[in-house]
Amino acid sequence: MKEVAITIKAHDKPGVLRDITDMVATCGINISYTHLFIEKGDSASIYMELEDVEDLDGLLNDIRCHVNVDDVITHRSLGEIYGKRIIIIGGGAQVAQVAQGAITEADRHNIRGERISVDTIPLVGEKELAEAVSGVGRLPRIGALVLAGSLMGGIITDSIKEIQKEHDVIVISLNMLGSVTDQADLVITDPVQAGVMAVMAVADTATFDIKKIGRKKF
């Protein structure tokens, strides 16, 4: 087995994560993604996606032998389960309409074996929206970002430039006032259609290539 996802149930104590990552590194395994969160009481979950795993049983046995580890569970990665992510940010009414189009289109592709999920957050305020856009760059598996609102510009546009420079993410904007539309990869007037196009742009089961369109408004 070359790639695997594991969840480690452990006690919430200093040094546990360090010890586990040392075990993984000693086996020559690369950690492609990890997420740590606290559960009830002193219990913690450490989720890891691992690459280049040659001896899975040996690694699991080593981790289970740690004095602060209760259990280790193997499963499919989040990429295999939830797949590419569409993030929709903006005003509540517009976000809902974009989500309608995205969810409907994602369902069509997911039935055929694709994996695309849709995340939304309705927000108001230039600072809040800019922070949300910047935060997209820290999320895993992002395929496309849709900006749904009536007016966006200023530091929101700066945040878009930042994630476009540092990450391979498609940015779609509704046709609105502000400089965001000048920076987006695609501008669409109809919010439902914007959601549909976002899914088509990232789906392997679609023949649509947003790069062939160029920066246009529809």
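In the predicted model, N30 stands opposite E51 in β3, where strands (E, at least two residues) and helices (H or I, at least four residues) are DSSP runs numbered from the N terminus. Strand β2 (residues 30-38) and β3 run antiparallel and are joined by 8 bridges, and two strands are said to pair if DSSP finds at least two bridges between them. Within β3, A44 is the bridge partner of I38. The hairpin of β2 and β3 has 4 residues between the strands, and in this hairpin G41 takes a positive phi near 60 degrees.

Strand β1 (residues 3-11) is also antiparallel to β3, to which 9 bridges join it; here A44 of β3 is the bridge partner of A10. Of the 9 residues of β3 (residues 43-51), 8 are buried, so this strand is largely enclosed by the rest of the structure. Buried means under 20% relative accessible area, exposed means over 50%, and partly exposed lies in between, with a 1.4 Å probe and protein chains only.

An open sheet is formed by 4 strands in the order β2-β3-β1-β4, with antiparallel pairing. Because β2 and β4 (69-75) stand at the edges, each with a single partner strand, one side of each is left without a neighbour in the sheet. Neighbouring strands of this sheet are turned by 20 degrees against each other on average, direction ignored; the axes are lines fitted to C-alpha atoms, for helices over the stretch in contact, and angles run from 0 to 180 degrees between N-to-C directions. Helix α2 (residues 56-64) packs on the sheet and touches β1, β3 and β4, and its direction makes about 155 degrees with that of β4. Helix α1 (residues 16-26) lies across β1, β2, β3 and β4 and runs at about 20 degrees to β3. Contact here means heavy atoms within 4.5 Å.

Two residues other than glycine take a positive phi. For D52 the value is about 60 degrees; D52 is placed in the loop between β3 and α2, and at 44% relative accessibility it counts as partly exposed. For R141 phi is near 65 degrees, and this residue is placed in the loop between α5 (126-136) and β7 (142-148). R141 is likewise partly exposed, with a relative accessible area of 26%.

Residue T181, by contrast, is buried, with a relative accessible area of 8%, and is placed in helix α7 (residues 180-183). When its neighbours within four places in sequence are left aside, T181 is in contact with S173, L174, N175, M176, V187 and K217.

For the chain as a whole, there are 8 helices and 10 strands, and 46% of the 218 residues count as buried. The C-alpha atoms fill a box of roughly 60 × 35 × 30 Å, taken along the principal axes. Among the contacts in the chain with a separation of 6 or more, 73% are accounted for by residues 24 or more positions apart.

Residues are numbered from 1 along each chain as its sequence is written, and side-chain values use heavy atoms, with hydrogens and water left out. Since this is a predicted model, local features need pLDDT of at least 70 and side-chain atom pairs count only at pLDDT 80 or more, whereas totals for chains, interfaces and linings use all residues.
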